[in-house]
Amino acid sequence: MKKHNFYAGPSILTPYTIQKTADAVLNFADMDLSLLEISHRSKQFQAVMDEAQALTKELLQLPDDYHVLFLGGGASMQFCMVPFNLLNKKAAYINTGTWATNAIKEAKIFGEVDVLASSEDTKFNYIPKNFEIPADADYFHFTSNNTIYGTEIRHDFDSPVPVVCDMSSDIFSRVFDPTKYGVIYAGAQKNLAPAGVTIVIVKESLLGHVNREIPTMLDYRTHIKKGSMFNTPPVLPIYSALMTLRYYKEQGGVKEMERRDLEKAAILYDEIDRNKLFRGTVAEEDRSIMNVCFVMNPDYAELEKDFMEFATEQGIVGIKGHRSVGGFRASLYNALPKESVEVLVKAMKDFEAKH
Ligand SMILES: *Cc1c(COP(=O)(O)O)cnc(C)c1O
């Protein structure tokens, strides 16, 4: 049976990405060799890296002084790399969930951290809005999409200081103004490629201003200077990322992805709001279009397990909520077809009809 893959990460990839990656594992660039067994310094792989960087720049419309790096270590590595490279005295963060909390913890190793606002008191079910970014901070950090809690910041900040953003779970799903950002990072395994690579976008002029020695591998300048090939890069996820980027471009770019994502999310939220069995878990104006969190209405709480089984019977996988929220989470990443959302909505309607 066809599966409808709502996993939060690693998560669904486009069939194009999967097929092209499989092909390259068997025979890469007509070399009669696998992508897995050739030098990353070969001209064939260099072409992959070059195109992946160029396409990222093109799709996100990055200005010339922004560099695109494909690094190991996951988004979690950026929680320390960012302050290592940028934090002199004080950094400002907002705490909107588990990932933001982890980023704050790392930054505290390097200096003072001003947590401007937090929604921790209500289990991160909204985005705090009443805060001012201090002009004396070295940078302001936020998480654009809170993968676990299903809230999202879908606008850019006008900030007196450089903005750093963890876009792990919503990059390529919203057209944004890159000039409003200094550093953007995103683990690949939500909207781009298999786990193992993190896309890091850095504005070069922000570097070199901290008074500390930075280990070579953790210094953004190392990777900029070496074209993201200082050491062996994660070649397989980079290749897959390139395939996804080509697909995005061919489909009409980020603008078209955003249109589709908004449409998919509206279909599901409309059903959650209509269906008497379910309700959403976060403030309506802060709802994520990538990760849709919902629970049974209290009157029907005992049906949770039954619905999970019912959905599984329809080929729906990956909708179990994160253990810190419970209930359900349906992740609607770019690669998820609208048809899968319609199957989930139909399952919700059919289940309602039975009760
Ligand atoms: C998944 C995720 C992370 C963690 O990514 P790793 O690559 O596993 O380190 C960080 N931030 C956000 C917003 C995420 O969704």
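Helices here are DSSP runs of H or I with at least four residues, strands are E runs of at least two, and both are numbered from the N terminus. You are looking at a predicted model, in which local features need pLDDT of at least 70 and side-chain atom pairs count only at pLDDT 80 or more, while totals for chains, interfaces and linings use all residues. Residues are numbered from 1 along each chain as its sequence is written, and side-chain values use heavy atoms, leaving out hydrogens and water.

**View 1. A cis peptide bond between G9 and P10.** Start with the loop between β1 (4-5) and α1, where you will find P10. The bond that joins G9 to P10 is cis, with an omega of about -10°.

**View 2. Helix α1 against helix α6.** Two packed helices are described by the angle between their axes and the distance between the axes. The axes (lines fitted to C-alpha atoms, for helices over the stretch in contact, with angles from 0 to 180 degrees between N-to-C directions) of α1 (residues 15-26) and α6 (residues 235-251) come within 9 Å and cross at roughly 140°. That angle makes α1 oblique to α6; under 35 degrees would count as roughly parallel, over 145 as roughly antiparallel and 65 to 115 as roughly perpendicular, with the rest oblique. On the α1 side, look for Y16, T17, K20, T21, A24 and V25, which meet L236, Y239, S240, M243, T244, R246 and Y247 of α6; contact means heavy atoms within 4.5 Å. Sorted by class, this contact of α1 with α6 has 7 nonpolar, 4 polar and 2 charged residues. In that count, Ala, Val, Leu, Ile, Met, Phe, Trp, Tyr, Cys and Pro are nonpolar, Asp, Glu, Lys and Arg are charged, and the others, Gly among them, are polar.

**View 3. Helix α2 against helix α6.** Helix α6 also meets α2: their axes come within 9 Å and cross at roughly 45°, and the two helices are therefore oblique to each other. This crossing of α2 and α6 is left-handed. From α2, the residues F45, V48, M49, E51, A52, L55, T56, E58 and L59 meet V235, I238, Y239, L242, L245, R246, Y248 and K249 in α6. The contact of α2 with α6 divides into 12 nonpolar, 1 polar and 4 charged residues.

**View 4. Helix α8 against helix α9.** Here α8 (residues 304-313) and α9 (residues 338-353) have axes that come within 10 Å and cross at roughly 130°, which makes α8 oblique to α9. The crossing of α8 with α9 is right-handed. D306, F307 and F310 in α8 meet L344, A347, M348, D350 and F351 in α9, and the classes are 6 nonpolar, no polar and 2 charged residues.

View 5. In soluble globular proteins, nonpolar side chains tend to be buried together. A nonpolar core is a set of buried Ala, Val, Leu, Ile, Met, Phe, Trp, Tyr and Cys residues joined through side-chain atoms within 4.5 Å; buried means under 20% relative accessible area, exposed over 50% and partly exposed in between, with a 1.4 Å probe and protein chains only. The largest core has 54 residues, and F45, F140, F142 and F172 have the most contacts inside it. Helix α6 gives the most to this core, with 8 residues. Beyond its neighbours within four places in sequence, F172 is in contact with T56, L59, L60, L192, I199, L245, Y248, V254, M257 and N334. A second, separate core of 32 residues includes A265, Y269, Y333 and L336.

**View 6. Loop residues D32, K123, D64 and M217.** D32, in the loop between α1 and α2 (43-60), has a positive phi near 55° although it is not glycine; it is exposed, at 67% relative accessible area. K123, between β4 (112-118) and β5 (140-143), also has a positive phi near 55° and is exposed at 58%. D64 sits in the loop between α2 and β2 (66-71) and is exposed at 73%. The C-alpha atoms of D64 and K203 are 8.9 Å apart, although 139 residues separate them along the chain. M217, in the loop between β10 (198-203) and α5 (220-225), is partly exposed at 38%. Not counting residues up to four places away in sequence, M217 touches M81, H223, F230 and N231.

How values were computed
Left-handed = near helix turned anticlockwise from the far one by under 90°.
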